[in-house]
Amino acid sequence: MTTPPPPPVPVDDRFEFFDDRARLDYDAVVEFLTHHVYWGKWRSRADIRNAIDGSWRVVGAIDTATGDLVAFARAISDGVTVAYLADVFVVPSARGHSLGKKLVDEMIERGPGVHFRWLLHTDDAHGLYRQFGFVDPDETVLERRRIRPIPPRP
Ligand SMILES: CC(C)(COP(=O)(O)OP(=O)(O)OC[C@H]1O[C@@H](n2cnc3c(N)ncnc32)[C@H](O)[C@@H]1OP(=O)(O)O)[C@@H](O)C(=O)NCCC(=O)NCCS
């Protein structure tokens, strides 16, 4: 017997959050991540789909008036101890409604990873993440940066 997906989380009359990836408009995520962000533009459509499918949890939001995807984030995790937050965005037309904060809140505070340690990389929006407890790393954190080039895509 399969467990039914959790009901969508209504945020207000206009925007609706969900974590059921069957509802996710992959094409809209690919379009945004390949054209409108400063990171990861090297990724192909297949790379992004694989990254989403390989993620532990995704959270999206739609504009209920249009059905269009307006916000997205994904997390990589072992499902027990630690998670990595990635590919966070709100489309420009939907900014100014606290969707970025609601998106991170939905992913971290309202999800099964609320007790995890969380990590992320970002060049900006530090102030957004600091509101959710993210702080500068201390001496216990080590990172292996990419030291070999990404191989050419087929
Ligand atoms: C960053 C982003 C997700 C924020 O979403 P949003 O809906 O515009 O933001 P919200 O209305 O929820 O508010 C964000 C909060 O973080 C703060 N903040 C700090 N740095 C910010 C930044 N660079 N951009 C937006 N908000 C920022 C804002 O001041 C606000 O706090 P406040 O309400 O206490 O003043 C959105 O602007 C976006 O998609 N930007 C492009 C992609 C990106 O940079 N993603 C983050 C890197 S991983």
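Visitor: Is D47 buried or exposed, and how should I read such a label?

Guide: Buried means under 20% relative accessible area, exposed means over 50%, and partly exposed lies in between, with a 1.4 Å probe and protein chains only; D47 has 16% relative accessibility and therefore counts as buried. This is a predicted model, in which local features need pLDDT of at least 70 and side-chain atom pairs count only at pLDDT 80 or more, while totals for chains, interfaces and linings use all residues. Residues are numbered from 1 along each chain as its sequence is written, and side-chain values use heavy atoms, with hydrogens and water left out.

Visitor: Which residues is D47 in contact with, leaving aside its neighbours within four places in sequence?

Guide: Contact means heavy atoms within 4.5 Å, and on that reading D47 is in contact with W42 and R153, once those neighbours are left aside.

Visitor: Where does a polar side-chain atom of K101 lie relative to the ligand?

Guide: A polar contact is a pair of N or O atoms within 3.5 Å; within protein, one must be able to donate a hydrogen and the other to accept it, and residues adjacent in sequence count only if both atoms are side-chain atoms. Here a polar side-chain atom of K101 is 2.6 Å from an oxygen atom of the ligand, and a polar backbone atom of G100 is 2.9 Å from a ligand oxygen, while for a polar backbone atom of S98 the distance to a ligand oxygen is 3.3 Å.
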